[in-house]
Amino acid sequence: MPYTTLLVHVDNSCHCAPRIRLAVRLAVAEGAHLIGSAMSGISRYAYGGGVNALQFAPAQMQALRSQASDALHDFERIAREEGLTNYETRFVDDDAQGALLLQARYCDVLILGQTDPQDTPSRVIAGTAEYLMLHCGRPVLMVPHAPAPSQASTGQRPLLAWDGSAEALRAITDALPLLGRAQQVTLAVINSHAQPAAHGEQPGADLALYLARHGVNVDVVQHDTPPGQDVGAALLAMAAQRQCDLLVMGCYGHMRLREALLGGVTRTVLQEMNLPVLVSH
């Protein structure tokens, strides 16, 4: 089944326009309804950092609301330019984390932007994407703030990261509407020797057959990372080598403290990605 409802986070980040344009084009391709949602963030500013509502001037509140309104006007302009008619705008007087968590429950895909340390609006909501991936119950499509120069499409040449885990399977099945329209799909079987029981006699074969029954033909590639090499970096390198325009992978959120201290596949990809990444948990 195609996606029917998409939700994109709209803000005043300098990288928001490409994010909106990707969301609009995906909505056009899927025949989906697109929701552009912007938040004032007033709750974060008014109650965070020791600043209470009495100290937060009305002028400051109005400025935040105006920024969100301007961002929604840009969303509407881009939607019209791309020929999308099935869309709506939403303004929420709350922080992005809480507002998007609630709205994402009733959408097929949540579209967010990668955090850019050099962009103030992006830094303000740092950590929001990771939180939403773990708790919204929907696939999250992350849009890079610095895409590869050759990046002109999304989903025509996807790379599927497969390690036999439930998270990876969830991501791949969540991506089926995109995979059905893809020109070339690569199934990267990662370190199958580490958990042979999760793959069967021919790692990747059963999943490839499952996808074929959905009309998706895949090129199965076995990939073993050398000891000490980061799997996330290996996936990004493979995507670049095969000129992929989308990475589909599971989001590994258990043992969050360990990931924060030692890194991890999800953390590496979110920090270093230069192509859109669809993640599911």
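## Cysteines

Cys14 is exposed, since its relative accessible area is 54%, and a residue counts as exposed when that value is over 50%. Cys244, by contrast, counts as buried at a relative accessibility of 9%. These values, like the others in this report, come from a predicted model.

The structure holds 0 disulfides. For Cys14, the closest cysteine sulfur belongs to Cys16 and lies 9.8 Å away, which is too far for a bond, because a disulfide requires a pair of cysteine sulfur atoms within 2.5 Å.

## Overall architecture

The protein contains 12 helices and 10 strands, and 47% of its 281 residues count as buried. When contacts between residues at least 6 apart in sequence are considered, 79% of them join residues at least 24 apart.

## Packing of helix H1 against helix H3

Helix H1, which spans residues 16-30, and helix H3, which spans residues 58-81, have axes that come within 10 Å and cross at roughly 45°. That angle makes H1 oblique to H3, and the crossing in which H1 passes H3 is right-handed.

On the H1 side, the residues that meet H3 are Ala17, Ile20, Arg21 and Val24, and their counterparts in H3 are Phe75, Ile78, Ala79 and Glu81. Sorted by class, this contact of H1 with H3 comprises 6 nonpolar and 2 charged residues, with no polar residues. Arg21 of H1 and Glu81 of H3 are among the residues that meet there, and both belong to the charged class, because Arg and Glu are counted as charged.

## Residues with positive phi

Which residue in the loop between strand E7 and helix H9 is considered here? It is Asn191, located in the loop that runs between strand E7 (185-190) and helix H9 (205-213). Asn191 has a positive phi of about 50°, although it is not a glycine. With a relative accessible area of 16%, Asn191 is buried, because values under 20% fall in that class.

Gln243 is likewise a residue other than glycine with a positive phi, in this case near 55°. Gln243 lies in the loop between helix H10 (231-241) and strand E9 (246-250). Is Gln243 buried or exposed? Gln243 is exposed, with a relative accessible area of 59%, whereas Asn191 is buried.

Methods: Residues numbered from 1 in each chain as written. Predicted model: local features only at pLDDT ≥ 70, side-chain atom pairs only at ≥ 80, totals over all residues. Heavy atoms only, no water. Axes fitted to C-alpha atoms, helices over the stretch in contact; angles between N-to-C directions. Helix = DSSP H or I, 4+ residues; strand = E, 2+ residues; numbered from the N terminus. Parallel < 35°, antiparallel > 145°, perpendicular 65-115°, else oblique. Left-handed = near helix turned anticlockwise from the far one by under 90°. Contact = heavy atoms within 4.5 Å. Buried < 20%, exposed > 50% of the residue type's maximum accessible area, 1.4 Å probe, protein only.
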